Amino acid sequence: MLLDEIVITYPNYEIKTCQTLAEYSLRSLTVNDELNLKSSAINPNNAAKLLNKVLYNCIIKKPEEIDSYEKWISMTTFQDRQAMIYGLYHATYGDEYTVSNVCSECDKLSSYKIKLSSKGFTIDYYPKDKFEILKESFEVLLPVSNIKFIIKYPTLDKEENVLKINDNVNITDDLEIYLFYVDSVIYNNETIDVKNDLLNFVNFIKTLPSGDKKILNKFIMDNMLKYKVEATYKANCKSCGATNTINIDFVTQFFRSL
Ligand SMILES: [Zn+2]
């Protein structure tokens, strides 16, 4: 028998995404996938794209609407990806996580081995139809400048476009939130599409009055982060015994496990 005649069955995990409600079956990572992901640490600008590519390669069952990588990144939101990463983690490493946490009382670091499925893990699903959320938009008025933003749930293609301009301008976290969420700007009843003109939009954002700056952030926090995967775990500090609530970030957790 030859090596290439060996048929390997990979462990897999089924997950329904929290925002677009798409159902996927994901196979575990291979050694090659892991090598690719590790190399992404060298260039953080490429990390998101590499992660997307690997994630897409691990899909063994997907909705029929999604027939290419380009289609997938345009129909998958950030929170959907979090759900898929959870699924990929589960298929690859099982249900056990090692999390570390700095105690809020005594500042000492403890680490815990936890099983996620038993407690603390929840998925809050968007209450309407499949892919409906992609059509949803919100109007946010910036009261000082009297400009309106039309914002949408950010998809992975939006993120890839933003990362492309990162070579030309320094995109800080402050700017990222505008670039990911804002679809167009309304001024004097005229709508200006900004998603295909990101470099100019960056310059525009910088001219906005400071008083308007926090509005977008607050709107997103209050309205757009309801449907998501969430994992919280209560643990007693190993030094002082105080109870801490730990939020597990799947992306960080995922890269730590490689
Ligand atoms: Zn403590």
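Residue E96 belongs to strand 4, which covers residues 96-102, where strands (E, at least two residues) and helices (H or I, at least four residues) are DSSP runs numbered from the N terminus. The structure is a predicted model, in which local features need pLDDT of at least 70, side-chain atom pairs count only at pLDDT 80 or more, and totals for chains, interfaces and linings use all residues. Residues are numbered from 1 along each chain as its sequence is written.

E96 counts as exposed because it has 10 C-beta neighbours inside 10 Å; with C-beta atoms placed from the backbone, a residue is exposed if 12 or fewer other C-beta atoms lie within 10 Å of its own, buried if 20 or more do, and partly exposed in between. Leaving aside residues up to four places away in sequence, E96 touches K113 and K115, contact being defined as C-beta atoms, placed from the backbone, within 7 Å. The C-alpha atoms of E96 and I114 are separated by 5.7 Å, although these residues stand 18 residues apart along the chain.

The protein as a whole is divided into two domains, with bounds that come from an automatic or database domain assignment.

| Domain | Residues |
|---|---|
| domain 1 | 10-124 + 228-256 |
| domain 2 | 132-223 |

Taken over C-alpha atoms, the centres of domain 1 and domain 2 lie 26 Å apart, and their contact takes 13 residues from domain 1 and 11 residues from domain 2. On the side of domain 1 that touches domain 2, helix 2 (44-57), helix 3 (69-74) and helix 4 (78-93) each supply at least two residues, and helix 2 gives the most, with four residues.

Note on methods
Contact = placed C-beta atoms within 7 Å.
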